[in-house]
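Here is a friendly note to read alongside the model. Please keep the viewer open and follow the points in order.

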Amino acid sequence: MLDFIKRWFWYDWMMFVIRTILFVSLLFTLEHFSKQLTIPFWLGALWGIAAFSIPWLCLQKHYTYYLISEMAISGGLCLYAVSLFPEAYVAFLGPTFMIASNSAQKSYRWSGPMTIFVIPALLSESSNLITMILQFGLIYALGFAFQLLVVKHRQSEMIRDQYAVLEQYSSQVERMTLAEERNRLSKDLHDTMGHSFTSIMIGLETLRSEMNTPEGERKLDSLLQLTRGSLDEVRQYVHQVGAAQDSRTLVESLQALTAEFQALTKVTVRLRTLGEKVQVSQQVKTTLHRCLQESLTNAVRHGQAGEIQVSLHFEEKQLRLVVQDNGLGTKELQAGFGLTAMKERASDLQGQVHIHSKPGEGTVVTCTLPRQVEQQEEVIRLLLVDDQLSIRESLQVILEREKDFEVVGLAEDGEQMLEQCERLRPHVVLMDLNMPRMDGVEAAKRVKQKHPGVRVLILTTFQETEKAVEALRSGADGYLLKSSEPQELSETIRLVHRGGVMMIAQDVTNQLIQNYGGGALQEQPAEPDKPLPPPSGLTPREMEILQCLSKGLRYKSIAAKLYLSEGTVRNYASTIYTKLGVRNREEAVQKVFGNQV
């Protein structure tokens with residue numbers, strides 16, 4: 001009740017004051033003429049209290065309940081007073097004004113005739129009926145005019161609030177769009193320019209054997225130095241472009257959002273944090289920022305909330321953002337674009353969004369994400385093994401762009417790798433298959449025997465399925481092609497380091513399935529799904545991904561099942577949605593499988 005009163009405007013207080021004055025004057029009148037009353041004074045006082053409070057309480061529920069209770073209780077009290085004092089009919093002029101002021105929509109069709117004609121006919125004698133009708137009609141007209149004034153004021157307030165919300169939302173969208181564009185640009189530069197320069201360096205290195213003159217050697221060294229210098233400049237530019245979005249912590253970002261929202265909308269927003277604060281990834285920060293932004297906007301725009309409580313919980317295994325408002329609430333929540341996007345963002349991070357809303361109880365939005373610490377907190381020590389110096393140096397350049405990677409050694413064959421493993425203790429070994437003295441298969445087997453904790457990732461140029469199976473059976477933890485994208489390579493290294501399941505390149509996996517039926521590496525192969533004709537140009541692999549999505553599997557589970565990296569699964573999902581012309585997995589599954597799932 002107190003929360004409701006806090007949202008009163010001047011006209012609400014005006015109606016309350018009028019009602020209070022009428023109630024007090026009625027008590028004085030009853031006390032003054034108490035000797036002439038046919039009922040005890042206390043009974044009349046209780047009747048007056050009921051006439052004061054019951055219609056007002058009914059008004060908080062629905063205006064129709066108010067109109068009926070006002071006419072019945074206040075009208076009955078006035079009818080009793082008129083039976084004692086004919087001039088007491090003026091006491092109903094106040095309720096008449098309020099009935100007109102609180103009538104809405106089609107209720108005027110019956111509240112007007114009842115107040116102007118029926119009630120005066122019950123209260124009056126035939127001699128002054130016309131006068132009473134004119135008086136009640138005039139007061140009802142004034143109440144109707146007051147209602148129009150109130151409606152205009154409410155609409156103006158609503159427009160102003162909606163404009164403030166829209167302005168704040170537009171500002172946040174512009175800011176987040178700019179941040180995402182900067183992030184996209186930095187990633188594009190990282191993946192395209194960096195890869196191109198690396199290819200140029202590898203190409204220049206392959207020309208070294210063809211340069212027989214000292215002048216040619218000098219020019220080649222000059223070109224390599226220039227290329228490496230240009231790559232360093234591109235790397236610095238990438239860091240500068242992407243640096244702006246990482247300047248604030250998660251808590252600082254949410255505090256800035258709530259402060260700006262509160263300043264623009266005049267809605268009270270309280271933010272508190274619980275638990276030990278930890279550093280989170282940029283993707284987690286963006287997801288929680290968007291979740292809070294959408295929740296605040298919906299609380300004001302749809303719920304008409306006056307106060308919003310926001311709590312951020314840093315728990316042992318998860319982050320939990322709870323947004324609770326005191327708005328109107330709703331019985332049937334309609335999931336629009338904003339809520340759908342919010343749920344998809346959380347789902348991409350293996351999280352969930354729950355929304356609880358009931359009429360009169362406000363809305364509670366809970367966004368839960370698994371605890372994800374920045375990868376930079378643990379540096380992964382890498383040992384690169386390849387018989388070509390150019391490849392080793394190129395891989396070193398590519399991998400050292402990542403802040404959580406450290407290349408601790410370079411080896412040209414399996415024997416050198418075993419020697420350096422004893423001395424350097426790497427976390428992950430990236431190793432070629434075809435090398436002199438000791439190839440990758442034998443080296444993987446020996447390093448696993450001596451150092452079981454070292455993760456081995458085979459990185460080769462050709463799709464040699466027989467050697468791939470042999471290497472994986474020898475203990476290797478993954479198999480990738482050197483043509484893999486740098487981003488996929490980095491993600492695979494992290495997954496292998498964290499002890500993930502075997503990671504196999506998509507092209508190699510297709511070859512394994514064709515040559516071995518998918519059972520070369522599995523002791524107990526899973527039961528194959530019933531084949532379905534690929535619609536809308538989907539490849540068999542994309543259909544396989546979509547079947548997993550239809551079963552409710554998350555990207556991480558699909559990656560484990562199909563021996564892919566999580567990033568590759570995300571790329572497949574994005575391609576599937578584009579080909580089908582849909583926005584999310586639900587629409588994709590419905591379009592392809594229809595009522596089969």
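1. Start with C367, which counts as buried because its relative accessibility is 0%; buried means under 20% relative accessible area, exposed over 50%, and partly exposed in between (1.4 Å probe, protein chains only). C291 is buried too, with a relative accessible area of 1%. How many disulfides does the count come to? The count is zero, where a disulfide is a pair of cysteine sulfur atoms within 2.5 Å. C291 is in no disulfide, and the nearest cysteine sulfur, that of C367, is 4.0 Å away.

2. A word on how to read these values. This is a predicted model, in which local features need pLDDT of at least 70, side-chain atom pairs count only at pLDDT 80 or more, and totals for chains, interfaces and linings use all residues. Residues are numbered from 1 along each chain as its sequence is written, and side-chain values use heavy atoms, with hydrogens and water left out.

3. Helices (H or I, at least four residues) and strands (E, at least two) are DSSP runs, numbered from the N terminus. Two strands pair if DSSP finds at least two bridges between them. Strand β5 (residues 362-370) is joined to β3 by seven bridges, and these two strands run antiparallel.

4. Now step back to the whole sheet. In which order do its strands lie? The open sheet has five strands in the order β1-β2-β3-β5-β4, with mixed pairing. β1 and β4 (352-358) stand at the edges with a single partner strand each, so one side of each has no neighbour in the sheet. Direction ignored, neighbouring strands of this sheet are turned by 10 degrees against each other on average. Axes here are lines fitted to C-alpha atoms, for helices over the stretch in contact, and angles run from 0 to 180 degrees between N-to-C directions.

5. β2 (residues 307-314) is mostly covered, as six of its eight residues are buried. On one side, β2 pairs with β1 (residues 268-274) in the parallel sense over seven bridges, and there H313 of β2 is the bridge partner of L274. β2 is also joined to β3 (residues 318-325) by seven bridges, and this pair runs antiparallel. Within it, I308 stands opposite D325 of β3, and a hairpin of three residues connects β2 to β3.

6. Next, the helices around this sheet. Helix α9 (residues 250-265) lies across β1, β2 and β3 and runs at about 170 degrees to β1. α10 packs on the sheet and touches β1, β2, β3 and β5, its direction making about 10 degrees with that of β3; contact means heavy atoms within 4.5 Å. Please check the handedness in the viewer: β1, helix α10 (residues 282-301) and β2 make a left-handed β-α-β unit. A crossover is right-handed if, with the strands pointing away from the viewer, the path from the first strand over the helix to the second runs clockwise.

7. On to charged pairs. The whole structure holds ten salt bridges, each being a side-chain nitrogen of Lys or Arg within 4 Å of a carboxyl oxygen of Asp or Glu. One of them joins the side chains of E307 and R270 at 2.4 Å, N to O. E307 sits in strand β2 and R270 in strand β1, 37 residues apart. E307 is partly exposed at 21% relative accessible area, and R270 is partly exposed at 41%.

8. Are R494 and E402 buried or exposed? Both are buried, and their side chains meet in a salt bridge of 2.9 Å, N to O. R494 lies in helix α16 (residues 486-497) and E402 in the loop between α12 (389-399) and β7 (405-411), so the pair ties together parts 92 residues apart in sequence. E402, D404 and R494 are linked in a network of salt bridges.

9. Another salt bridge joins E415 and R437, with the closest N and O atoms 3.3 Å apart. E415 is partly exposed at 36% relative accessibility, while R437 counts as exposed at 60%.
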